Amino acid sequence: MSKRLPRLTHLQFLVLGLLQKGEQPGRTIRDTLAAHGVNRTAPAFYQLMARLERDGLVAGWYEQITVKDQTVTERRYRARPQGERLWTEARDFYTAIASRGVQARWSDA
Amino acid sequence: MPSTRLGRALSSLLPRALRRDLFEPAVHDLEAEQLRQGRGPVSFGILVLFLECWRLAPVEVLSMFRNDLRHAFRLLFRDPAFTVTAVLTLALGVGANVAVFAVVNAVLLRPLPYADADHLVILKHRDRGTGITKEFIAVGDFVDLHARQEAFESIAAYDTFRTVVYGPDEATDASACSATPGLIAALRMQPFAGRNIDANDAAPNTPPVVMLGYDFWQKRFGGDPKVVGRSIKIGVTPVMRQVIGIAPPGFRFPAGAVTDVIFSKSAPVAPAGGRKNGWVFAAARLKPGVALASANVQLSALAQQMEKEHPSENQGSEYFAVTLRDAWIGDTRPALLLLLGAVGLVLLIACANVANLLVARSLGRRQEMSVRVALGAGRRQIAMQLLAESTALASVAGVAAVACAYWATPALVSLVPTSVNLAAAGDIRLDRTVLMFAAGITLLTTVTFSLFSGLGLRRDNTAGRLVSPGRVSTGVAVRRATSALVIVEIALAIVLLSGAGLVLQSFSNLLSTDPGFTSDRVLTLAFAVPPDRYRDGGARLALHQRVYEAVGALPGVEHVGAAAVTPLTGNNWTVPFDRADKPTPAGQRPPDVGWQSASGGYFRAMRIPLLDGRYFGSEDGPAAPPVVIISEAVAGRFFKGERAVGHKVRLGSDLAEIVGVVGDIRRAALTDAPRADMYFPMEHAPSTAGGLFIRTAGAPTAIVPELRTALRAIEPAITLRSVRPMDEIVRESVQVTHLALWLLGLFAATALVLAAIGIYGVMSYAVRQRAREIGTRVALGATPSSILWLVLGQGARVALAGTAIGLLTALAAGRLLSGLLFSTAPGDPVVLSAAAGVLLATALVACYVPARRATRVDPVSTLSAR
């Protein structure tokens, strides 16, 4: 486990976490976050994604999809290896801290 | 790209990054969602997204700029040669400016340490006849001005002098300010402890009181608060005075002097012997709403009124007020502003040099930028990146500059001679204003450099084509811009060089000026004895005689004398000159001449030549009839074609015989015209304080220990101050010019080196750019010398253009220096030619190295290179 505080914000951690299971459209990621109470306007969400792209943590591209017989464009994302690594480090960091907290509580008791 | 027309139209109104990263993916999501829900057009939703993008724009721009900045710092580290050169050049330029600005800020800009200081003024007196301005005014005139004026809230008389504070163990020398209570009121001083001096303290028959300066209280009494209320013995003639208060920390009046003790002074009364019988300094506070100009109109009207009422005493007497700051800054203001201007030129040269470096660097990065453009970077992004690079460079240079200034400011202050009235010398520091100034000029350089960074990229980036590094050629615009920068550098360097040259010439003229006396091997000192022990003239004369005999008997002493005024210390005391046989017509005031009280030994010690008659001697004692000696200029003016010796002059109700004529001396300063002076015999009215002038056979300071012993043997209570050779006083009198010479010389040398680096850089780059052309010439039969001359010719054209512009600018700017110049014309052709010669020679040397390199160009390799 890394002893340093993860270099990810909680929002970046959530997004990278959602991308761990594979590529997803931006709209889906945004909807999932909203379902858990993390509401962002579409431009603010894509601003977050653009920064993740600039930092080399995710890759983004456009794809044509068909909705009710009409072709529309959507932006899709997948985590880059660097993003996956950082997310794993952050998860391990938080897990380790949390488990130590639990141990401490048991020993206090 | 949004599918609707509105979406596309709004998209085109957004900056590229916002459009690409924020707006378009959000619009696509919106369009898909509307389709899924089977709704119609989505105009309102798109408009909301558009506005949201603008709301997020500042954060996005800052975020991108932060990335650019990070990249820029990485670039700086990757190119250490460029970074070190540019940062050092800028740090020196900006640092020197910040250091000089710190002085300007403390002296000219920072508020004075008094409440509402803009309303405080000093009254001055100008004599129309002699043109001399004095800081002190006649007591009779002060009394009338005080009674009649309506422009001032309070008007006060004050005086400053040295005194002695006695303690249980030892006596301490202290600087005193004696002031009428009006001064304390005008300054609105709040005491640190105790109370202020008030009107009751100045009333007759009240016990004498004193306020102590904060530092003096700390140093002499260890900050003991119980001192307030205690009585202490103070004064050359010791008097017990009760300490009534402690002045606030940092209080000083006048600004340049430390104020150790403050006495109350009773309000001046009209002197019995005549209006001009006694002088005081005067300060005042303007009434609220009264401007300085209107106060001066009133003072002028009052002066005219007094002139009409007392023509025999006030004819030609003018009074005016100047703000406290102007009075104290005096002639320091133009010198400081000149210095700031000169150091500003150094910064401009440094900036031109760095701009040249940036242009050269940007040309080398054209391929990199073309790749960026090909990959989709827009103009704005490229500009942002260049701005980030300039910001990174300027911020590193800014920090280095502040570090330079931190070191240079105390060094600069230590160079300023103590004789210069630098009112706030103790407060010169890098405060918030100075740091803001540093940030301001750093910002200015950042913006300028961004423009120059883009110069070499503009065309290729627009086209967006990839340029082969082997085939980079310099555009005409870029070549012209870099040459123009070097021309500007050379022109500015010429201005600084000629400025330094003019001051050097002036300094040389000053040093070769004959002051009318010989300062070499003369020791001077100020002495004082307790007046209560030498109350009558006879006792004082006896003391003087004993001093002359004892000092004269010391080994190595040739002559010794005493005088009230030490030459070249700015003194301009005057006295009316009135021939007894040709008196000034009734109702007119006799013209003024310089006043000096001196013993016969003074003329011998200073080697002021006797032209006629005799020097003063023991026969001119207190009981003898009054006599005077006049200087050559007085004789020439008032006794044209006659022998002055034997004539009598009127001194109030007495007549004094002229017994000698001596040579003129430059009394107040070397820059003064030789002064018409009248000397009064120290033997006739020997004082208990004055200056001793001792001519020695060897080094004057060698006799100091024996001198002290000899004088203390005569009078144990004698105090001796300012023991120093006359040569030192002469040097100090030209120190402002010397300082200006030193600093201008330093700036000029820096400018010369920077200009040489600039022209070297440009010519080196030109040779690299023209390598193929030179290779072709060599292949076609050009000889090395013709190539050498080709390159030298190109450099010489740039140097000549810069020199021509510089000379014209120097001619115009020379007038700004005229206040500092002595016997030197601002457009002195010799100086200007020498400056041009030095710069052209330096430029040619700087061109020679790249020119030699050009002669070694191998045509085979350059022509075959891609």
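pLDDT is the predictor's confidence in each residue, from 0 to 100. Helices (H or I, at least four residues) and strands (E, at least two) are DSSP runs, numbered from the N terminus.

I noted that this is a predicted model: local features need pLDDT of at least 70, side-chain atom pairs count only at pLDDT 80 or more, and totals for chains, interfaces and linings use all residues. Residues are numbered from 1 along each chain as its sequence is written, and chains are lettered from A and ligands numbered from 1 in the order in which they are written.

Next, I checked chain A as a whole. Its average pLDDT is 87, and 90% of the residues score at least 70.

Then I turned to chain B. I found 26 helices and 23 strands there.

I went on to one helix pair. Helix α22 (residues 735-769) of chain B packs with helix α25 (residues 829-855) of chain B at about 30 degrees, axes 9 Å apart. Axes are lines fitted to C-alpha atoms, for helices over the stretch in contact, and angles run from 0 to 180 degrees between N-to-C directions. α22(B) and α25(B) are therefore roughly parallel to each other (under 35 degrees; over 145 is roughly antiparallel, 65 to 115 roughly perpendicular, the rest oblique).

Last, I looked at where the chains meet. The contact (C-beta atoms, placed from the backbone, within 7 Å) takes 19 residues from chain B and 18 residues from chain A. α2(B) gives the most to chain B's side, with 12 residues.

Key. Two residues are in contact if their C-beta atoms, placed from the backbone, lie within 7 Å.
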